[in-house]
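Here's a quick tour for anyone meeting this structure for the first time. Have a look at it, then read on.

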Amino acid sequence: MTKTNENIKVDMLAPEKPVNKERPAKKVKTSMKTSLQGKVTKNMVLLGLLLFAFVILYPLFWMVVSSLKSYDEIYNNVWGLPSVWHFENYATAWSMGISGYFFNSLFVTLSTIVLVVMIGSMAAFTLSRYKSRWIDVALIFTIGGIMMNPQVALIPLFELLTWLDLINTHWALILTYVAYRLPLTIILIRAFFLSIPKELEESAIIDGCSEFGIYARIYLPLSIPIIVTTIVLTAYFAWNEFMFATVFIDSDVLKTIPSGLMNFRDALRTDWGVLLAGMVIATIPMVILLVFLQRYLVRGLSEGSVKG
């Protein structure tokens with residue numbers, strides 16, 4: 001008992017060991033600094049995105065608002081809202097020719113989409129499934145098609161279409177658009193097809209599925225995201241293309257919206273409210289398409305660029 005009491009006294013009299021409190025304090029400071037930097041970075045990115053959205057959306061907003069103004073207000077009250085909302089500008093624009101240009105663009109765009117998706121997916125299926133020297137040559141040829149500048153081929157294309165008697169027809173635009181959209185479409189869909197497991201194809205062969213059945217029942221249903229991406233990119237190109245639509249189509253009855261708006265402007269001369277209403281009508285389909293399919297567009301581009 002005496003020894004135990006002495007030991008307790010010695011322990012009580014012994015100096016306490018210093019506790020190192022610096023390390024926890026440093027960890028807290030480091031974590032606080034990291035979280036602060038993360039918040040600052042997040043806010044900076046958010047601010048940049050808001051500014052970018054403003055730069056993109058404000059011209060659209062100004063176009064819509066100006067399309068509802070009178071001639072005097074467009075010049076005298078550029079930044080303000082219209083005192084009287086002239087919704088009749090849209091009816092006037094539709095009746096003065098925009099309706100014909102709209103349906104021409106719709107026909108050309110839908111035809112281009114159907115042909116690009118059908119031909120592009122079949123070609124991508126062949127290039128992704130088979131391996132040979134000719135397949136490699138075809139792939140290089142397809143990649144080379146992406147680098148072809150439309151302006152360079154304008155005169156040869158005009159001569160070829162004249163020889164085929166396709167000038168002043170919608171097929172002059174459709175065939176040209178299909179030719180220019182196929183290379184990128186084939187590359188994107190092929191990259192997506194390469195990510196599909198081979199086991200699915202082998203199982204289908206064992207079950208007696210044909211080559212076309214493998215393409216139609218396995219590859220196409222699994223590649224919906226990249227197909228939607230192709231549809232959006234092709235629609236955007238065909239709907240807004242201006243150069244070929246101006247050179248290959250002379251008849252006002254067959255003109256699409258981009259080239260038709262030029263005549264529309266010349267016919268109206270100073271009626272800018274009606275002209276802007278026509279531009280809004282031409283913009284609406286692409287805005288709706290991008291709003292509803294933007295999720296598939298981003299997903300298809302990300303998944304279609306993984307392999308190749």
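Predicted model: local features only at pLDDT ≥ 70, side-chain atom pairs only at ≥ 80, totals over all residues.

What pattern does the protein chain follow, read along the sequence? The answer is α-α-α-α-α-α-α-α-α-α-α-α-α.

Residues are numbered from 1 along each chain as its sequence is written, and side-chain values use heavy atoms, leaving out hydrogens and water.

The protein chain has 13 helices and zero strands (DSSP runs numbered from the N terminus: H or I of at least four residues for helices, E of at least two for strands). Of its 308 residues, 35% are buried, meaning under 20% relative accessible area with a 1.4 Å probe, counting protein chains only; exposed means over 50%, and partly exposed is in between.

## Inside

The largest nonpolar core has 60 residues (buried Ala, Val, Leu, Ile, Met, Phe, Trp, Tyr and Cys joined through side-chain atoms within 4.5 Å). Among those with the most contacts inside it are Phe 193, Tyr 219 and Ile 257. Leaving aside neighbours within four places in sequence, Phe 193 is in contact (heavy atoms within 4.5 Å) with residues including Phe 125 and Tyr 219.

Ser 105 sits in helix H4 (residues 88–129) and counts as buried because its relative accessibility is 2%. Ser 105 and Trp 239 are 134 residues apart in sequence, yet 6.1 Å apart in space, C-alpha to C-alpha.

Phe 54, in helix H2 (residues 22–66), counts as exposed because its relative accessibility is 53%.
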